[in-house]
Amino acid sequence: QEEAQAIDQELFTEYKFSVDQLMELAGLSCATAIAKAYPPSSFTTSQPTVLVVCGPGNNGGDGLVCARHLKMFGYEPTVYYPKRPSKPLFEGLTTQCQKMDIPFLPEFPAEAALIDELYGLVVDAIFGFSFKGAVREPFGSILSTLERITVPIASIDIPSGWDVEKGKADGLQPDMLISLTAPKKAATHFTGRYHFLGGRFVPPALQEKYALNLPPYPKTDCVLQLT
Amino acid sequence: QAFPLPSLPRKQPTVLVVCGPAQNGAIGLVCARHLRSFVGQRDPRVGLGAWPMVGCPGDPHPLPTVCVPPPQVQLINDAYNAVVDAVLGAEAEGGEGGGPCAAILDALKHVRIPIVSLDVPSGWDVDAGSSGGISPDVLVSLAAPKRCARRFLGRQHFVAGRFLPYDVQKKFELNPPPYPGTECVVALRAPR
């Protein structure tokens with residue numbers, strides 16, 4: 001976890017990337033990975049509907065970007081965003097989604113069965129690699145509901161609620177994990193079908209410094225399928 | 001897409017990215033960064049020359065440029081596989097060719113390696129185009145093609161505008177062709 005935070009810090013302080021830049025590339029990676037693993041034609045719902053659950057931090061921001069790109073790729077995303085930071089970055093991302101006619105739910109679906117009926121996929125953009133400690137409401141109840149759904153879950157960077165290094169055996173079991181920048185230690189506990197790498201923005205020098213040993217991305221793709 | 005790595009004539013996948021002083025130049029810098037990432041980690045063959053031009057037209061105190069090769073046409077022909085023209089964009093006024101920009105635009109008219117122009121071939125009038133200006137091989141229109149694109153005679157014309165929201169597309173009657181899969185660019189039918 002510390003290493004991931006250190007890499008992030010270097011990208012901002014030494015390489016002078018803005019949060020906006022990296023978040024846009026990260027969210028685009030997530031949408032692209034989802035499009036590869038779950039093409040619209042594979043949905044059993046009449047429309048390729050996707051529920052994107054966004055948490056209170058940067059992982060939620062990644063989710064908002066992802067939702068916007070999913071819409072452009074032909075999906076019908078809906079966002080649930082209960083705790084919104086009052087910062088221009090997140091307000092901007094929310095506006096972009098709203099102006100693309102992406103609905104924001106006023107409340108979370110009460111039953112797992114309702115989610116199964118309405119959506120073909122759920123994107124978990126609740127907590128990311130900075131997560132530590134106890135899960136605060138409303139996310140505790142949200143995660144309990146998500147643990148009971150049968151439609152696939154795609155988690156951004158870390159399955160929410162998991163310890164960033166040790167995982168969580170009785171927690172969320174997503175079908176897909178999109179690791180951003182590099183897989184985190186928790187990824188060794190991932191048992192879903194699809195593990196993608198996204199966030200193709202780590203400069204070679206930084207990869208070497210932290211001995212990331214990332215396999216090469218194919219051509220100009222912004223994602224790499226690991227499993 | 002227009003110049004896949006295996007198709008490059010030189011041993012090293014070198015590309016010269018010429019960046020102007022305003023937004024077009026900034027886009028060139030982003031482009032250069034991504035081009036570098038397409039070649040992979042620590043590839044010793046990669047030589048990327050970015051020629052950022054600072055203090056272009058009208059600046060009374062031009063700042064010193066970094067990595068300045070002089071705009072010698074032969075040097076460019078010999079060292080690079082292609083040139084990315086990110087000098088002037090749609091915001092430039094027609095005929096804005098004073099100062100260092102004039103020298104490089106003049107050089108670019110005479111290079112024999114392919115030129116890829118970002119949004120508007122630099123030096124062209126954004127609506128009317130230009131006779132006697134640079135002749136790029138590839139044009140990448142940003143958001144939507146500009147009027148001068150009608151005069152584009154090169155090999156490939158791409159549009160990079162998938163990020164535009166639908167209501168903006170409708171409002172300006174842009175009618176873009178469908179983008180394949182998750183691609184962010186689409187090739188328009190070649191003009192010839």
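In this predicted model, the axes of helix H2(A) and helix H4 (residues 88-99) of chain A come within 11 Å and cross at roughly 40°. H2(A) and H4(A) are therefore oblique to each other, and their crossing is right-handed. If you want to find the contact on screen, look for Val19(A), Asp20(A) and Met23(A) on the H2(A) side; they meet Leu89(A), Phe90(A) and Leu93(A) of H4(A).

H4(A) also packs against helix H3 (residues 58-72) of chain A, and here the two axes come within 9 Å, crossing at roughly 25°. On H3(A), the residues in contact are Asn58(A), Gly61(A), Leu64(A), Val65(A), Ala67(A) and Arg68(A), and they meet Phe90(A), Leu93(A), Thr94(A), Gln96(A) and Cys97(A) on H4(A). Phe90(A) and Leu93(A) turn up in the contacts with H2(A) and again in those with H3(A).

Now for the charged pairs. How many salt bridges does a search of the whole structure find? Over all chains, the count is nine. Three of them are set out here.

| Salt bridge | N to O distance |
|---|---|
| Lys36(A) with Asp221(A) | 3.9 Å |
| Lys184(A) with Asp157(A) | 2.8 Å |
| Lys146(B) with Asp119(B) | 2.7 Å |

Take Lys36(A) and Asp221(A), whose closest N and O atoms are 3.9 Å apart.

Lys184(A) is in the loop between strand E5 (176-180) and strand E6 (194-198) of chain A, and Asp157(A) is in the loop between strand E4 (153-156) and E5, so the bridge ties together parts 27 residues apart in sequence. Both Lys184(A) and Asp157(A) are buried.

Over in chain B, the side chains of Lys146(B) and Asp119(B) form a salt bridge at 2.7 Å, N to O. Lys146(B) lies in the loop between strand E5 (138-142) and strand E6 (156-160) of chain B, and Asp119(B) in the loop between strand E4 (115-118) and E5 of that chain; the two residues are 27 residues apart. Lys146(B) and Asp119(B) are each buried.

While you're in chain B, have a look at Asn77(B), which lies in helix H2 (residues 73-79) of chain B. Its relative accessible area is 6%, so Asn77(B) counts as buried. What does Asn77(B) touch, leaving aside its neighbours within four places in sequence? The contacts are Arg10(B), Val111(B), Arg112(B) and Ile113(B).

Last, a note from the records: an unreviewed UniProt entry carries the annotation "domain: YjeF N-terminal" for residues 4-214 of chain A. Over residues 4-214 of chain A, the chain is 36% helix and 14% strand. The end C-alpha atoms of this stretch are 14 Å apart.

Methods. Residues are numbered from 1 along each chain as its sequence is written. Chains are lettered from A and ligands numbered from 1 in the order in which they are written. This is a predicted model: local features need pLDDT of at least 70, side-chain atom pairs count only at pLDDT 80 or more; totals for chains, interfaces and linings use all residues. Side-chain values use heavy atoms; hydrogens and water are left out. A salt bridge is a side-chain nitrogen of Lys or Arg within 4 Å of a carboxyl oxygen of Asp or Glu. Helices (H or I, at least four residues) and strands (E, at least two) are DSSP runs, numbered from the N terminus. Buried means under 20% relative accessible area, exposed over 50%, partly exposed in between (1.4 Å probe, protein chains only). UniProt positions are given in the numbering used here, feature names are shortened, and annotations may be inferred rather than shown by experiment. Axes are lines fitted to C-alpha atoms, for helices over the stretch in contact, and angles run from 0 to 180 degrees between N-to-C directions. Angles under 35 degrees count as roughly parallel, over 145 as roughly antiparallel, 65 to 115 as roughly perpendicular and the rest as oblique. A crossing is left-handed if the near helix is turned anticlockwise from the far one by less than a right angle, and right-handed if clockwise. Contact means heavy atoms within 4.5 Å.
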